[in-house]
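My notes follow in the order in which I made them.

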Amino acid sequence: MIEYTFNMHADLLYYLLVHMKVENASDTFDEDYITKMKQLLNASPCISDKMIQYYNANFERLAMINFFPLMAGDIAELTGMIRMLYGMSDEDKAEFINPFCALIEEWEKPYSCYWKMYNDSIKDEKSKIINLLNCMVMDFSLFFDDIFGRLNVKLNVVFSHSLRKNGRATKYGDKYIVMLTFPDETHTTEEIFFQLIHECTHAITDPLIQGIRMDDGTHDIAEYQVILFDLWLMEKLNHIYAEKYTQWISKEVLDECYRNLSEEQIIVLKNMLN
């Protein structure tokens, strides 16, 4: 059984990150969303170019801030985790960590007021989306039962109102936590379901790669593996989903995945489906 939650402090962090263009696949920058939120909040956070450049230049060391919201219970714990980030230097603290935590604390009150009002306003929509997603999950119960039985964890889906691109996932304690954009005018329930499968597949295919980084190409390989595995999974369990998934991912992306994985890597992935 999947636990579905909504998380204000995670949304606040991603509301801030959406203003910071990142030069890799973790990027969540969305100019339309920034404009929309500025109108709703009558203000926008002031994040310097220097701070954004520092985050980009030191991303491999600072990237963990993307996952702390899934582990923290509140704002105080979130900022505490960020301030205690392992391996950071005094320069990291001065140039990014301290000013970023200050932004979180500055925007907690105005953002939380908006968030609570909006989250309450879609109560009926939340129930509808969760029911639809559960129906889709049932079609792939063999996949989900196998993964989470193997990992001996429970699946927790955290819906986000501010995460604009891709998803996030991490194992924490007895849970595998997946953060997904709550379906809206730009993200359909079906697309979110595909993203859910994508994030869950990472749990079983990422261990095939030792040490995944953005700056050496291993993250790209990890993504190629997941994309093809999910295509073959859907072809095996439900051809209708496979056709829709191919449209969502695009034939061009699938071709890129095939080009960049070796024959040996493809064989290993296909054997995992047996």
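I began with the terms: on a 1 Å grid over the protein atoms alone, a cavity is a set of points where a 1.4 Å probe fits but cannot get out, a pocket is an open set with protein on both sides within 12 Å along at least five of seven lines, and lining residues have an atom within 4 Å of a point. Grid points are joined across faces, edges and corners, and a volume is the space filled by probe spheres set on the points.

I noted that this is a predicted model, in which local features need pLDDT of at least 70, side-chain atom pairs count only at pLDDT 80 or more, and totals for chains, interfaces and linings use all residues. Residues are numbered from 1 along each chain as its sequence is written, and side-chain values use heavy atoms, with hydrogens and water left out.

**Entry: the cavity**

The largest cavity holds about 40 Å³ of space. I listed its lining as Leu 17, Met 20, Val 22, Ser 26, Thr 28, Tyr 55, Asn 66 and Arg 168. For classes, I counted Ala, Val, Leu, Ile, Met, Phe, Trp, Tyr, Cys and Pro as nonpolar, Asp, Glu, Lys and Arg as charged, and the others, Gly among them, as polar.

I then turned to open space. The largest pocket has about 1200 Å³. It is lined by 40 residues, and those closest to its centre are Gly 167, His 202, Met 214, His 219 and Glu 223. I needed the element rule here: helices (H or I, at least four residues) and strands (E, at least two) are DSSP runs, numbered from the N terminus. Helix 10 (189-205) is one of the elements that each supply at least two residues of this lining. With 7 residues, helix 10 gives the most to the lining of the largest pocket. By class, I recorded 17 nonpolar, 12 polar and 11 charged residues in the lining of the largest pocket.

The second largest pocket has a volume of about 250 Å³. Among the residues lining the second largest pocket are Met 1, Ile 2, Phe 144 and Leu 155. Which element gives the most to the lining of the second largest pocket? I found that helix 9 does, with 5 residues. The class count for the lining of the second largest pocket is 8 nonpolar, 2 polar and 2 charged.

**Entry: the sheet**

I used the rule that two strands pair if DSSP finds at least two bridges between them. The model has an open sheet of 4 strands in the order 1-2-4-3, with mixed pairing. Strand 1 (3-6) and strand 3 (168-172) are the edge strands, each pairing on one side only. From one strand to the next, the twist averages 25°; axes are lines fitted to C-alpha atoms, for helices over the stretch in contact, and angles run from 0 to 180 degrees between N-to-C directions.

I went through the pairs. Strand 1 and strand 2 are parallel, with 4 bridges, and Tyr 4 stands opposite Val 157 in strand 2. Strand 2 and strand 4 are also parallel, with 7 bridges; Val 158 has Met 179 in strand 4 as its bridge partner. Strand 3 and strand 4 (residues 175-181) run antiparallel and are joined by 5 bridges. In strand 4, Tyr 176 stands opposite Lys 171. Helix 8 (residues 123-139) packs on the sheet, touching strand 1 and strand 2 (154-160), and its direction makes about 145° with that of strand 1. Contact means heavy atoms within 4.5 Å.

**Entry: burial**

I set the burial terms: buried is under 20% relative accessible area, exposed is over 50%, and partly exposed is in between (1.4 Å probe, protein chains only). Strand 2 has 6 of its 7 residues buried, so it is largely enclosed by the rest of the structure.

Ala 169 lies in strand 3. Is Ala 169 buried or exposed? Ala 169 is buried, with a relative accessible area of 17%. Leaving aside neighbours within four places in sequence, its contacts include Phe 67, Leu 70 and Tyr 176.

Thr 189 lies in helix 10 and is buried at 12% relative accessible area. Not counting residues up to four places away in sequence, Thr 189 touches Ile 129, Leu 132, Leu 133, Met 136 and Pro 183.

Val 268, in helix 14 (residues 263-271), is partly exposed at 34% relative accessible area. Val 268 and Val 18 are 250 residues apart in sequence and 36 Å apart in space, C-alpha to C-alpha.
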